[in-house]
Amino acid sequence: MAGNNINTGNANTQSQRPASPSPPPPAPVPLTPGPRASRLQQVFEQALARTLRANSYSNFASCFPTPAKHVPASLESVWRQLNAKLEESAKAEFEDIVLERDAVRQLNELDRLVGEARYRRDNGDNEMREEGENVAPHTLGAEQLYQAHLIPFLQEAQSNLNEKIDATHAENATLAQEIQGQRVEIENLMSSLESVVADLEGAAAAATQYSKENDLRQETIQMDEDIKGRSEI
């Protein structure tokens with residue numbers, strides 16, 4: 001009984017553990033060629049057919065005029081074998097490249113991702129994200145992942161730039177106050193200079209007036225002396 005209780009407690013503890021936050025693994029990619037893989041195969045076949053048509057018998061025979069004239073059947077047989085070998089080698093090499101690059105699986109995965117993206121776009125997946133639903137990073141697009149990584153750095157740079165701008169504004173305000181004070185001081189100095197200039201002009205006018213009066217006195221004295229000199233004669 002005790003052992004049973006212990007096992008029950010462990011089972012309850014395991015059932016109460018939260019689910020893993022990791023997204024569920026994606027569904028296996030089918031190896032049957034999808035739309036893009038089928039299109040790749042179609043493009044290759046069309047290109048190969050155009051290449052084989054370009055290597056027509058007339059073009060091939062023009063390169064070997066003597067055998068074309070004397071043994072045309074043998075030359076045509078060689079041409080058919082050459083084209084068959086070219087077609088076989090091209091297809092084999094193409095299949096090797098597809099297998100080496102796992103092209104079918106990769107293109108099918110691309111088809112799946114494009115289909116999911118279109119479904120999220122058409123079914124308002126952005127509205128669900130705005131409501132606060134947690135979204136696995138691998139479901140986001142390249143632009144959204146780019147912005148998610150870049151926006152924090154841009155916000156920090158914007159904050160630093162705003163701080164520098166505020167500091168510059170404060171320095172400009174301080175400089176403006178200093179300049180205003182210097183202007184007031186200059187205006188006061190100009191007023192004082194105007195008063196000094198006015199005093200100097202007044203002093204100069206008085207000195208000029210005194211000089212003129214002194215000259216008249218000297219002339220009067222000279223005239224008296226001349227008159228006295230004439231009366232003595």
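How many residues does helix α6 have, and how far does α6 reach from its first C-alpha to its last? Helix α6 (residues 103–122) has 20 residues and reaches 28 Å from its first C-alpha to its last, close to the 28 Å expected at 1.5 Å a residue. The expected span is 1.5 Å times one less than the number of residues. Helices here are DSSP runs (H or I, at least four residues), numbered from the N terminus.

This is a predicted model, in which local features need pLDDT of at least 70 and side-chain atom pairs count only at pLDDT 80 or more, while totals for chains, interfaces and linings use all residues. Residues are numbered from 1 along each chain as its sequence is written, and side-chain values use heavy atoms, with hydrogens and water left out.

**Helix α6**

The buried residues A103, V104, N108 and D111 belong to α6. Buried means under 20% relative accessible area, exposed over 50%, and partly exposed in between (1.4 Å probe, protein chains only). Seen down the axis of α6, the buried residues fall within an arc of 125 degrees, so they line one face of the helix. The arc is taken from the directions between the helix axis and the C-beta atoms. These buried residues pack against α2 (35–54) and α5 (72–101), where contact means heavy atoms within 4.5 Å.

**Salt bridges**

Side chains of opposite charge can pair when their charged atoms come close. The structure holds six salt bridges, each defined as a side-chain nitrogen of Lys or Arg within 4 Å of a carboxyl oxygen of Asp or Glu.

| Pair | Closest N to O distance |
|---|---|
| R80 and E76 | 2.8 Å |
| E116 and R112 | 2.5 Å |

R80 and E76 both lie in helix α5, four residues apart, about one turn of the helix. E76 is partly exposed at 28% relative accessibility.

In α6, R112 and E109 are three residues apart, which separates them by about one helical turn. E116 and R112 also lie in helix α6, four residues apart, about one turn of the helix. Salt bridges that share partners join E109, R112 and E116 into one network. Each member is partly exposed: R112 has a relative accessible area of 26%, E109 is at 22% relative accessibility, and E116 is at 33%.

**Aromatic pairs**

A pair of aromatic rings is described by the distance of the centres and the angle of the planes. The structure holds three aromatic pairs. Rings of Phe, Tyr and Trp (its six-membered ring) pair if their centres lie within 6.5 Å; planes under 30 degrees apart count as stacked, over 60 as edge-to-face and the rest as tilted.

The ring centres of Y57 and W79 are 5.7 Å apart and the planes are at 70 degrees, so the pair is edge-to-face. Y57 lies in helix α3 (residues 57–63) and W79 in helix α5, so the pair ties together parts that are 22 residues apart in sequence. Y57 is partly exposed at 22% relative accessibility, whereas W79 is buried at 14%.

For F60 and F64, the ring centres are 5.1 Å apart and the planes are at 50 degrees, so this pair is tilted. F60 is buried, with a relative accessible area of 10%, and F64 is partly exposed, with 38%.

V78 is found in helix α5 and is partly exposed, with a relative accessible area of 42%. The C-alpha atoms of V78 and F60 are separated by 9.9 Å, with the two residues 18 apart along the chain.

How values were computed. Helices (H or I, at least four residues) and strands (E, at least two) are DSSP runs, numbered from the N terminus.
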